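Student: Please take a close look with me at one part of this protein, and show me how that part connects with its surroundings.

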Amino acid sequence: MTTLQGGEWESISATVGRSVDDVKIHAYRYLVLLQAHAPRPTLESQSEHSSPCSASDPEPACGPAGGSWTFEEDSVFERGLAHSDEADPDRWAKIAGLLPGKSARQVSLRYQKLVADVLRVELGGVVVVHYS
């Protein structure tokens with residue numbers, strides 16, 4: 001396994017003669033294409049195996065996107081995302097603080113689902129949202 005030392009983006013950008021931002025955008029688009037072509041059951045089974053939840057866990061974070069969400073909760077979640085710093089290590093806890101009954105883990109799972117949905121839309125897919 002390769003150990004990352006930092007500076008990899010700069011090294012790649014120097015090698016290919018592009019800016020770091022261009023290299024990151026290209027990498028992101030490539031990742032989107034890979035995820036779009038992965039069979040859906042594979043993606044779902046991977047997320048099940050990597051779930052931090054256990055059968056005895058009282059928190060309902062193991063359901064789709066960390067439990068059920070209402071339209072109002074989604075609106076608060078999206079406003080929290082818009083007003084939070086991506087680099088803040090407490091980002092999910094701070095957003096969860098705006099959502100009574102939601103944990104940082106549930107907020108993080110919701111974000112992961114949002115990212116996957118955005119990728120599907122960008123690739124021409126359709127996303128159907130169901131609220132509780």
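Tutor: Let's start with Asp117 and Lys113, which both sit in helix α6, four residues apart, or about one turn of the helix. Helices here are DSSP runs of H or I with at least four residues, strands are E runs of at least two, and both are numbered from the N terminus. This is a predicted model, where local features need pLDDT of at least 70 and side-chain atom pairs pLDDT 80 or more, while totals for chains, interfaces and linings use all residues. Residues are numbered from 1 along each chain as its sequence is written, and side-chain values use heavy atoms, without hydrogens or water.

The side chains of Asp117 and Lys113 meet in a salt bridge, 2.7 Å from N to O (a Lys or Arg side-chain nitrogen within 4 Å of an Asp or Glu carboxyl oxygen). Asp117 counts as buried because its relative accessibility is 14%, whereas Lys113, at 31%, counts as partly exposed (buried is under 20%, exposed over 50%, partly exposed in between, with a 1.4 Å probe and protein chains only).

Now follow α6, residues 104–122, to its partner α4: the two helices pack at about 85 degrees, their axes 12 Å apart. That makes α4 roughly perpendicular to α6 (65 to 115 degrees; under 35 is roughly parallel, over 145 roughly antiparallel, the rest oblique). Axes are lines fitted to C-alpha atoms, for helices over the stretch in contact, with angles from 0 to 180 degrees between N-to-C directions. Where they meet, Asp74, Phe77 and Leu81 of α4 face Val107, Arg110, Tyr111 and Leu114 of α6, with contact meaning heavy atoms within 4.5 Å.

With a relative accessible area of 7%, Gly80 is buried. Leaving out residues up to four places away in sequence, Gly80 touches Ile95 and Leu98. Although 18 residues separate Gly80 from Leu98 in sequence, their C-alpha atoms are 7.6 Å apart.

Stepping back, the protein has six helices and zero strands. A search of the whole structure finds four salt bridges, and 20% of the 132 residues count as buried.
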